[in-house]
Amino acid sequence: MLSTIAIEEKILGKNDELAALNRTRFDAAGVFVVTLSGSPGGGKTSLLERIVPRLAPGWRVAVIEGDVATARDGERIAALGVPVAQIVTNGTCHLNAGMVARALDRAGVLDADLLFLENVGNLVCPAAFGLGEHERVVVMGATEGEDKPLKYPAMFRKADAMVLNKVDLAAFTPVDLDAFETYARQVRPGLPVFRTSCTTDEGIEEWIAWLTDRRQSWRATPSAR
Amino acid sequence: MHEASIVERLLGMATAHVPEGAVLRRVHVRIGALTGLSPDSMRFYFDAMCPAGAALDVTVEPLRAACPSCARRMNVTEAGGSCPACSAPALHYENGLELDLVAIEVDDALDDRDRGEDSR
């Protein structure tokens, strides 16, 4: 005989619980945590290579790198001389809160003032899995085309800022950078946007100023140590 | 893409609710239009992962939207549209991230057969 059993449970409840636990650990340790998400090749690691040396004199910076395969990005960050934990997902297309929790036990990660979580390059899946971070930044290569925010809205809807990278290359393509920003704000009204280039350093200081400002706001909240 | 890991979690939760001796026949989930999940893709992974041959029902919850300019409220099926009344480019969504296991249907026929044999 068939019978129906009512359940009403959140499917990602477990991830949400682990993410909340991560957030508690970040706040207790005084670590401000920023996730970088975006498509593969948008420049997430290159941006870290540009900003970490500028931040490192004043701040202890650490990075958790998420990749489907290889420790190449982790090696690039390690060359900067800051603590880095590499997560290799072996095929999984996103980081989840449990993977990050395990990486937090690696040396130096929770001793930082500012921790970056670089997610697997992907505009779809990472949007569904909160990691406990304080800010979510979506990094896009300008040459990917201005329609991307409309085509992958979930990622932009959850973003706290967009870094529109590789703007030095925009002149060589038909991309419309103003439309890129307009579409992003159509999905996520008021989204702060930073146009950057890792080649010319355009916009890098402005983005660092935003990160500094966001960290100050977080430190002023009661949850931060 | 991430439907695979979500369906894996879903199946784990659903099977945990199946009473001993019963067989899972149907799983009912509710998803919001802002989750970016594809019901077809969820069914594909569900069929591949569910050994008992159960079915997956996916209900897509309507999106409740409000216009920040003219304050009109409406239900829409897809995110990303402009306001039909005043053409403001973006709407504010009040929901859309639902991802819930609503209910399961189980077949406890095995128990019935046992009882039938007992009474004979």
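This is a predicted model: local features need pLDDT of at least 70, side-chain atom pairs count only at pLDDT 80 or more; totals for chains, interfaces and linings use all residues.
Student: Okay, how many residues of chain A are in contact with chain B?

Tutor: On the chain A side there are 27 residues, and they are in contact with 29 residues of chain B. Strand 1 (2–10), helix 6 (153–157) and helix 7 (177–187) of chain A each give two or more residues to that side.

Student: And which element gives the most?

Tutor: Strand 1 of chain A, with nine residues.

Student: What about the classes of residue on that side?

Tutor: The side of chain A that touches chain B has 17 nonpolar residues, five polar and five charged.

Student: Which strand of chain B is strand 1 of chain A joined to?

Tutor: Strand 6 (residues 99–107) of chain B. Seven bridges join the two strands, and they run antiparallel. If you want a spot to look at, Ala6(A) stands opposite Ala103(B).

Student: Switching topic: which residues of helix 1 of chain A are buried?

Tutor: Asn15(A), Leu18(A), Ala19(A), Asn22(A) and Phe26(A). Looking down the axis of helix 1 of chain A, you'd find these buried residues within an arc of 105 degrees, so they line one face of the helix.

Student: Why do residues three or four places apart point the same way?

Tutor: Because an α-helix has 3.6 residues a turn.

Student: Then what's on the other side of helix 1 of chain A?

Tutor: Ala20(A), Thr24(A) and Ala28(A) are there, and they are exposed. As for the buried residues, what covers them includes strand 2 (32–38) and helix 4 (97–103) of chain A.

Student: What comes just after helix 1 of chain A?

Tutor: Gly30(A), which takes a positive phi of about 75 degrees.

Student: Which residues have a positive phi although they're not glycine?

Tutor: Thr70(A) is one of them, at about 70 degrees, and Lys166(A) is another, at about 65 degrees. Thr70(A) lies in the loop between strand 3 (61–67) and helix 3 (72–78) of chain A, while Lys166(A) lies in the loop between strand 7 (161–165) and helix 7 of chain A.

Student: Is Lys166(A) buried or exposed?

Tutor: Buried, because Lys166(A) has 23 C-beta neighbours inside 10 Å. Thr70(A) has 10 inside that distance, so Thr70(A) counts as exposed.

Student: Last one, chain B. How do strand 1 and strand 2 of chain B run, parallel or antiparallel?

Tutor: Parallel, with seven bridges joining strand 1 (residues 23–32) to strand 2 (residues 55–61) of chain B. Between those strands of chain B, the chain passes through helix 2 (residues 39–49), and this β-α-β crossover is right-handed.

Methods:
Residues are numbered from 1 along each chain as its sequence is written. Chains are lettered from A and ligands numbered from 1 in the order in which they are written. Two residues are in contact if their C-beta atoms, placed from the backbone, lie within 7 Å. Helices (H or I, at least four residues) and strands (E, at least two) are DSSP runs, numbered from the N terminus. Ala, Val, Leu, Ile, Met, Phe, Trp, Tyr, Cys and Pro count as nonpolar, Asp, Glu, Lys and Arg as charged, and the others, Gly among them, as polar. Two strands pair if DSSP finds at least two bridges between them. A residue is buried if 20 or more other C-beta atoms lie within 10 Å of its own, exposed if 12 or fewer, and partly exposed in between; C-beta atoms are placed from the backbone. The arc is that of the directions from the helix axis to the C-beta atoms. A crossover is right-handed if, with the strands pointing away from the viewer, the path from the first strand over the helix to the second runs clockwise.
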